[in-house]
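Here is a structure to go through by question and answer. Each answer sets a value against the rule that names it.

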Amino acid sequence: MSSQMAPSPGAAVRFRGVRSRWGALALPGAAALAVFFVVPLAYMLVRSLSDPSPRNYVEVITSSIYLKSYATTLLVAVWTVVVCLVLGYPYAYVMARSSRPISMILGFCVLMPFWMSILVRTYAWTVWLQDNGLINTFLLRLGLIREPMALMGNALGTTVGMAQVLLPFMVLSLVTAMKRIDPALELASRSLGVGPVRTFLRVFLPLSGPGVFAGGLIVFVTALGFYLTPAILGDPTKPLISQLIVERVNTLLDFGGGGALGIILLVLTLVILLIGARFVDLKEIVGLRGES
Amino acid sequence: MHATNNHARVRNILSSRPFKRMFGAGVVIAMGAGLVACSSGSGAGSASASVTFIGGGGQLQEAQTKAYFSPFEKAKSGIKVVQDTGSTNPAKLVAAIQAGNVGWDLADVNADFGTGDQQKLLQPFDCAVVECPSGESETYRLPLHAYASVLAYNPSKVSGEPSNWADFFDVKKFPGKRALLKEAGPSGIFEAALLADGVPADTLYPLDVDRALKKLGTIKNSIVWATSPTQTADLVAGGVAVMGNVFSGQAYAQVKNGGDIKVAWDGMGLGVDYLVIPKGAPHVANANKLAAYMTDAATNADLAKIYPVGPGNPKARVDKTTATFDFLPTPDKSSHQYTLNGAWYASNYSTLTTKFQRWLQQ
């Protein structure tokens, strides 16, 4: 499983030599990140403390509006992880355990939404979910319901929309972990007289744990910053923090306050990543450790 | 082993003469292209024969191009109008002006931008070139066009015919959802609530926000929130809501597309878009010339012929035969009309937003 074979000392030296030259190739990317990400971020931090003063943070922390919104944001992220896991786990299992062509088709299907704009996908959901949308019209025609059900404009709409966008991250994390599980282990368990359900629960499920945690963490952290989906499908009475940041900056022109909200979200995310790091090897998520 | 061989091969290629020469040539070409791009960019920006206009984009700006920019370019012998979009996002303007890096000369902004302290971000108009509003020191903003925030309803979905804001808030007489723009801004929802609650149109401002929210609370469960003005009209025309608070221009667009929507003009809120010159604009003189053309009594109403907004210049006349006339916010259409007070919004956004958010989350 661990395919990182220790190279001979000589090879290592040579490898490093090559790599240091190749390192130059990362320079344009690193420079772009520094200029377009690190500098603005630092500027935002300074501005959140100085425009007009660090009181920005006090205002945010003592306001029930923002505290509630952070809580909603965390809750919606948890729900999104749950939905992604419930939908993604069986899918990933089939993908990891089926023949190559089928696995590739399934992989293609899961990646397909990636090639479509989030805006388009989210508006497409309104066609299904709104009061006179496809689902409600269908159920009304069948006489199963008398009033249209509220399928969007609430947490359900947000979760459905966000889960669709984030499902590929979950599935890909799970598949990577599941493919590392040696099928011989399950065969061994079965040959020792253990039933299929117990084999799954005692052998496969625990071994897929890293994938579950990795997928869960990446979905959760990404979900914290969603703006478009909750703005279009979500509950207007329970805005996510990104919506309040946009309001703060765009309507109130309060760059300092908006910056403070953003920095708090960033810190929250980093704390969650740190806690997550106790359960997940973060290197796995950023792709530093994989099958070479 | 295999990998090491590959690395060695790649290393050989990288250090080979042809590669180095190719790479060098590539860098030179890239730098050359960069220089060309830079010079052409600054060329367009610094040439005195251009003016950069930033508008709200979409159909409005397309119509402005036809009504104002093309004829201006022809009339003013060679001042080219360069266009950008996004002026309805004032944060973008403010950020650029504060950073001292303004690429625009003239901006089309909402009524809530450019009053009070924000005038520090603007360059005043030259009253020798443009026609400044008489008796006003307001040379920082020129009224460009007017639109109306109105009650619109779906005639085939609503029972009866709602005619004013009191009907809008009467969910017993007119059952069904109400579409409103979810924004603590000058879209007219607070004014509508107060008018329905019996506040006279001429004493709306300063808005009694608590009273407005209390009134809105009586129909809270019947509200469908929209995230854009287009969506509000869409919700009504599509029948998701039986009525809504929409902008007259959006209602016109729906009717053009065969949408099922009618306007009740009573209690219309008149909104005005303004032209401003951002401080630090590179071509102030040309901006004044273009602004003069757009707001002139003779040409200001040209836009109304192709897009359903009224002229901002009170001296400009619209013909009753214009195609958009039925959707123009003309005074004869409405009793109890009022003007959306952008300056009030600008100075009360902070409390208004907080109260609105708190009310939403209740």
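A crossing is left-handed if the near helix is turned anticlockwise from the far one by less than a right angle, and right-handed if clockwise. The model is predicted: local features need pLDDT of at least 70 and side-chain atom pairs count only at pLDDT 80 or more, while totals for chains, interfaces and linings use all residues. Residues are numbered from 1 along each chain as its sequence is written, and chains are lettered from A and ligands numbered from 1 in the order in which they are written.

Q: Which hand has the crossing of helix 2 of chain A and helix 14 of chain A?
A: That crossing is left-handed. Helices here are DSSP runs (H or I, at least four residues; strands are E, at least two), numbered from the N terminus.

Q: Why are helix 2 of chain A and helix 14 of chain A called oblique to each other?
A: The axes of helix 2 (residues 27–50) and helix 14 (residues 255–276) of chain A cross at roughly 120° and come within 7 Å. Angles under 35 degrees count as roughly parallel, over 145 as roughly antiparallel, 65 to 115 as roughly perpendicular and the rest as oblique. The pair is therefore oblique.

Q: What makes the contact of helix 2 of chain A with helix 14 of chain A, and how do its residues divide by class?
A: Helix 2 of chain A gives A:Met44, A:Leu45, A:Arg47 and A:Ser48, and helix 14 of chain A gives residues including A:Phe255, A:Gly259 and A:Ile263. Contact means C-beta atoms, placed from the backbone, within 7 Å. The residues divide into five nonpolar, four polar and one charged. Ala, Val, Leu, Ile, Met, Phe, Trp, Tyr, Cys and Pro count as nonpolar, Asp, Glu, Lys and Arg as charged, and the others, Gly among them, as polar.

Q: What makes helix 8 of chain A roughly antiparallel to helix 11 of chain A?
A: Helix 8 (residues 155–179) and helix 11 (residues 209–223) of chain A pack at an angle of about 155°, with their axes 8 Å apart. That angle makes the two roughly antiparallel. Their crossing is right-handed. By class, their contact has 13 nonpolar, five polar and no charged residues.

Q: Where in chain B is confidence lowest, and where is it highest?
A: Confidence, given as pLDDT (from 0 to 100 for each residue), is lowest in helix 2 (residues 17–46) of chain B, at a mean of 41, and highest in helix 7 (residues 209–217) of chain B, at 97. Over residues 1–47 of chain B the pLDDT is below 50. Where pLDDT is low, the predicted coordinates should not be read in detail.

Technical notes:
pLDDT = per-residue confidence, 0-100. Contact = placed C-beta atoms within 7 Å. Axes fitted to C-alpha atoms, helices over the stretch in contact; angles between N-to-C directions.
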